[in-house]
Structures are given as C-alpha cells and as structure tokens.
Amino acid sequence: MSSYRATRTALRAVARTSRLATSRPSQSRSFASVHTGFLQNNQTSQHRPTTTTSRQQQSLQRQSPFAARTGAVRTIFIQTENTPNPDAVKFLPNHRILPDTLSTPFIEYLNPRSTIAPPYPSPLAAQLMNIDGVTSVFYGADFITVNKSPDANWAHIRPEIFALITEAITSGQTIVTVSADKEGGVGAAADGAPEEPDSLAYDENDSEVVGMIKELLETRIRPAIQEDGGDIEFRGFTDEGTVLLKLRGACRTCDSSTVTLKNGIESMLMHYIEEVKSVEQILDQEEEIAIQEFAKFEEKLKSQKGPEATAA
C-alpha cells in the first residue's frame, strides 16, 4: 500500500514538472510577441515625425521655393529716416540700389518721363512717380529718397512706397537699367551726350585749388548730405572765388538748403581754402522757371487782394 502511494506521488511530481516545462515556452513566446509589438510600435512612432516634416517641407515648397531650398523664410527689412526736409523721407532697404558699374554716385528722377528715358530708366522709379503726391525720386548707392508735394500726407503715401520697394527687391527686379543708345552708346543721355562722371572725382586737369575744393566736398561735406538723403554736385569755381554747387535729393527742395550752403559748406571751404570767397547754388532751368512762375503768382495774388494776401 505504501509503495502504491509512493508511485502515485512520483507520477504527480512528473506530471507537474511536465506542465511547468510546457508552460514556460508559451510564456517566453508571449513575452517575445509583446516585445516585438513594442518595437514595431516604437519604429512606427519614430517614422511619423518624418512624415510630418515631409508634409511641412511640401507646404513650404508650395509657399516659397526659396524657403524650401534653404529651410528659411526670405524677409526684407526697410528702414526709414526722416530728413531736415519735411517733404522728403529716406528709405534704406538693406540692398544696393545703383549698379556697381555706374560712375555716377546718384540718379535723380524729377518727372515721369525721366524714369523711362535714357540713360537710366527705372521701373521702380516709374511706379513711385505714379503715386499721387510724389514729386521726385532720388537713388543713392544704397538708399532711396522720395519727395512729395507739401499738400500730400505721408500717412497715405508711405505704405504704397513700402509695398513697391519690397516687391521690387524680393522679386529680383532690376532697379536701374543702363540703356544703350545707338548714337550715344551705353549710358548715353537722351540727347546723345555721354554719361557724366562723378563731379567730385579726381581730374588731372583740375587746378590745385579746385582739387582741394573737391577733396573737402568729398570727404567732409558729401557724407553729411548723404545722411540727410541727398547729394552734392560741383559745378565750377569762378575767377572771383565763388564755388558753384548743386544740391540734390532731399536737400534740393529743403527750406534750410540756403543755411546749409552758407553756414556749413561756405564756412568750411573759406576756413581751409583762402581762395574761396563765397558759395552759390546753381538752379536748373526747370527750377528757375518754377521760381519765376511762383513769383508771378505772388504778384498777381498781391494785386488782387492787397499786401496782406502774401503775408505768411
């Protein structure tokens, strides 16, 4: 009886051992299956951001080819500076305006026709001149000065100027085109005259006094005037000791231009060069006509309403 019980106990132990042996592989396979599923889920989660990034790149490519190539959004920052002339504002688009090949340091457009005529037609200047209230456009090496009429409001004009300059630069539009004339050649003026070089440039035919005047104007005077959105031209030196100059850009129509000439330029030139006795500004034919017409208008107004009509 005891041997039967021992045999039965031994059989139960063997059966228990076999059940444990058969259950362990299933647990191992179950763990391996769960682990494999975790790896698959983890790999899928790692690929999802890549898919999202690809979609973002496609979106950027649709919005801007430049952004898709470089991974950045192309922007432009235009800085503005007020000038002593309340009717002129200087715009600095952080972009070169004049071509490097030009010998002239500035270009000034005084009417719509000049923006499309040789020697330097400019689509941007033509668009700016079409804005109501804009009277002239001045290009420096890296800035644009826009002059308006006294009755125009900057609050209405400035946004249009910003939009046109931004569009021209971001689209890669040529700001200034150097036209080729059949008779006058490249850079010839409308009348066939050759391109005028910088009036302050060195000329071996200049006298010693003229050379000193040009050097002072170039190194001391021009930088200050360019800061105010303008420039200066040297028109000659008379035997009487008078320096003939021409102010451009914002300084051309500024009320304080006479003060600039007398208290600034004249004082400096007379201090360093004893041959200089005075400084005068040369007016273009259009400016002389405008002054004469304005004087006639004042006389007519005075005769109609009396002396008090012109009192300001």
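Modeller: Gladly! Let us begin with a word we need: a residue is called buried if its relative accessible area is under 20%, and exposed if that area is over 50%. Keep in mind that this is a predicted model.

Colleague: Thanks. Which residues of α4 are buried?

Modeller: In α4, the buried residues are Trp 154, Ile 157, Ile 161, Leu 164, Ile 165, Ala 168 and Ile 169.

Colleague: How should I read that spacing?

Modeller: Here is the general idea: an α-helix has 3.6 residues a turn, so residues three or four places apart point the same way. Now the case here: looking down the axis of α4, the buried residues fall within an arc of 120 degrees, so they line one face of the helix. Ala 155, His 156 and Glu 167 are exposed on the other side of α4.

Colleague: What covers the buried residues of α4?

Modeller: The cover includes β2 (88-92), α3 (123-129), β4 (134-139) and β5 (144-148).

Colleague: And what should I look for at the ends of the helix?

Modeller: α4 covers residues 154-170. After α4 comes Gly 172, which has a positive phi, near 80 degrees.

Colleague: How many residues does the largest nonpolar core have?

Modeller: That core has 29 residues, and Leu 128, Val 137, Tyr 139, Ile 144 and Ile 161 have the most contacts inside it. α4 gives the most to this core, with 7 residues. To see some of the packing, select Leu 128: among the residues it touches are Val 137, Ile 144, Ile 161 and Leu 164. There is also a second, separate core of 20 residues, which includes Leu 200, Val 210, Leu 216 and Ile 265.

Colleague: How do I describe two aromatic rings that sit together?

Modeller: A pair of aromatic rings is described by the distance of the centres and the angle of the planes. An angle over 60 degrees counts as edge-to-face. For Tyr 109 and Tyr 139, the ring centres are 5.4 Å apart and the planes are at 75 degrees, so this pair is edge-to-face. The pair links distant parts of the chain, with Tyr 109 in strand β3 and Tyr 139 in strand β4, 30 residues apart.

Colleague: Is Tyr 139 buried or exposed?

Modeller: Tyr 139 is buried, with a relative accessible area of 0%. Tyr 109 is buried as well, at 2%.

How values were computed. Residues numbered from 1 in each chain as written. Predicted model: local features only at pLDDT ≥ 70, side-chain atom pairs only at ≥ 80, totals over all residues. Heavy atoms only, no water. Helix = DSSP H or I, 4+ residues; strand = E, 2+ residues; numbered from the N terminus. Expected span 1.5 Å × (residues − 1). Buried < 20%, exposed > 50% of the residue type's maximum accessible area, 1.4 Å probe, protein only. Arc of directions from axis to C-beta. Contact = heavy atoms within 4.5 Å. Core = buried A, V, L, I, M, F, W, Y, C linked by side-chain atoms within 4.5 Å. Phe/Tyr/Trp six-rings, centres within 6.5 Å; stacked < 30°, edge-to-face > 60°.
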